[in-house]
Amino acid sequence: MEPKIRFKGFEEEWEKVKLGNVCSVNRGTRITKKELNTNHSYPVYQNTNYPLGYYKNYNVEANNPYVIIGGSAGLIGFSNVPFWAADDCAYFGDNDSLDKTFLYSTLLFHIAEIKRNVRGSSVPRLDRSTLIDLEINLPSFSEQQFIATYFRTLDNKIQSTSKKLASLKKLKSASLVSMFPQNGESMPKVRFKGFEGEWSTNNLGSIFAERIESNENGEMLSVTMNNGIIRSSDNGKFDNSNSDKSKYKVVKIGDIAYNSMRMWQGASGVSQYEGIVSPAYTVVTPSVDVDTDFFGYLFKTDDVIRLFKLNSQGLTSDNWNLKYPAFSRICVSYPESKEEQQAIAAYFRSLDRKIALETARLEKLKQIKLACLDKMFV
């Protein structure tokens, strides 16, 4: 038995063995939350892939995979540093003929089989015997090392890209605070060179008019929380729009459309497309000469979203609704200079492009890893 893809120079068949016959499968040791402290050095894994906290000692050496056997049973993790495995965590003993990074990838290859053996619904559990009896296929130790090195390189790229993406998102969040006035201030803390003076304050009705055109013909658009306005065909969801689209609202390029019941959560965007949206949405278009992208980003700031929340009407969050009349009365601060609006919008567009690029790169790396797990193991 051999995988579809192998490194050059390896031809021997892989050997089918039970995991418990090539290494010990150990259960961690319980500690109490009182023993945890953020000042301690060693992460504690209990029932998720995220550390429960930190402890002064460790019971597992670095470069060791683990499997969660309780709580979120069936999750598989790998630690590059020594850690403490708590009682809902299983870890593996050493064996000179078994590379631990290879073992980690093997466990990922068998993840579906492992999860099938999780019992219970309200309190999931994975018996340690499932891991002991798990049948895996092992090549020679030298081939394991080649495969392990490849996956370490791939995981390092995934980790590096994940960190870069997180850093960009953090920068965007910080910029949304520093580049827009906060708490009633008349100017932001950070400004592009050459722009001075206080920002204007005005109600949104003096800047945007409601677009009330309707049309049953046109491309269906969707308003998303994270990606703004996208084509519904790109949403990856079943089209559940009404067959009668006579009341669907027209959206033109440069309009801002928002989900009237989710505006307080940031469900809005500037449209790059012409099309139609559900009557549940509100569409606004600038009535004065402003940069719409600037206001698209302004509407994503915490202070303005708070205003949308305060002005939404309804008894509970399930039916809060921000229609145009309430929207039009909300006052916001913005620079009168369109050039400053454009500079701010250009900065955030650049950030969004970088975030989209790193998101696509990360997704591609994850797809490559999944493909390699499928073709480099048996």
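Two strands pair if DSSP finds at least two bridges between them. Strands (E, at least two residues) and helices (H or I, at least four) are DSSP runs, numbered from the N terminus. This is a predicted model, in which local features need pLDDT of at least 70, side-chain atom pairs count only at pLDDT 80 or more, and totals for chains, interfaces and linings use all residues. Residues are numbered from 1 along each chain as its sequence is written, and side-chain values use heavy atoms, with hydrogens and water left out.

**Exercise 1. Describe the chain as a whole.**

Step 1. Take the secondary structure. The chain has nine helices and 19 strands.

Step 2. Take the dimensions. The C-alpha trace spans about 75 × 50 × 45 Å along its principal axes. The radius of gyration, taken over C-alpha atoms, is set against a globule rule of 2.2 Å times the number of residues to the power 0.38. A compact globule of 378 residues would come near 21 Å, but this chain has 27 Å.

Step 3. Take burial. Buried means under 20% relative accessible area, exposed over 50%, and partly exposed in between (1.4 Å probe, protein chains only). Of the 378 residues, 44% count as buried.

Step 4. Take contacts, meaning heavy atoms within 4.5 Å. Among contacts with a separation of 6 or more, 71% are between residues 24 or more positions apart.

**Exercise 2. Find the partners of strand β15, and say where its side chains point.**

Step 1. Start with β16 (residues 268–270). It runs antiparallel to β15, and three bridges join the two. In this pairing Tyr-258 stands opposite Ser-268.

Step 2. Go to β18 (residues 281–286). Four bridges pair it with β15, again in the antiparallel sense. Here Ile-256 faces Val-284 as its opposite residue.

Step 3. Recall the rule. In a regular strand the side chains alternate between the two faces of the sheet.

Step 4. Apply it to residues 256–259. Ile-256 and Tyr-258 point one way, Ala-257 and Asn-259 point the other way, and all are buried.

**Exercise 3. Repeat the analysis for strand β8.**

Step 1. List the side chains of residues 89–92. Cys-89 and Tyr-91 point one way and Ala-90 and Phe-92 the other; all are buried.

Step 2. Pair β8 with β2 (residues 25–27). The two run antiparallel, joined by three bridges. Asn-26 stands opposite Tyr-91.

Step 3. Pair β8 with β5 (residues 64–68). Three bridges join these antiparallel strands too. Tyr-66 stands opposite Tyr-91.

Step 4. Follow Tyr-66 to Ser-79. Apart from neighbours within four places in sequence, Ser-79 contacts Ala-62, Asn-63, Asn-64 and Tyr-66. Ser-79 lies in strand β6 (residues 76–79). Its relative accessible area is 3%, so Ser-79 is buried.

**Exercise 4. Work out the sheet that contains β3.**

Step 1. Write the order. The sheet is open, has three strands in the order β4-β3-β7, and its pairing is mixed.

Step 2. β4 (53–55) and β7 (84–85) are the edge strands, each pairing on one side only.

Step 3. Check one pair. β3 (residues 42–45) and β4 are antiparallel, with three bridges. Val-44 stands opposite Gly-53.

**Exercise 5. Classify two aromatic pairs.**

Step 1. Set the cut-offs. Rings of Phe, Tyr and Trp (its six-membered ring) pair if their centres lie within 6.5 Å; planes under 30 degrees apart are stacked, over 60 edge-to-face, and the rest tilted. The whole structure holds 33 aromatic pairs.

Step 2. Take Phe-308 and Phe-327. Their ring centres are 6.2 Å apart and their planes lie at 25°, so this pair is stacked. It links distant parts of the chain: Phe-308 is in helix α7 (residues 302–311) and Phe-327 in helix α8 (residues 324–328), 19 residues apart. Phe-308 is buried at 0% relative accessibility, and Phe-327 is buried at 0% as well.

Step 3. Take Tyr-347 and Phe-348. Centres 5.2 Å apart and planes at 80° make this pair edge-to-face. Tyr-347 is partly exposed at 26%, whereas Phe-348 is buried at 0%.
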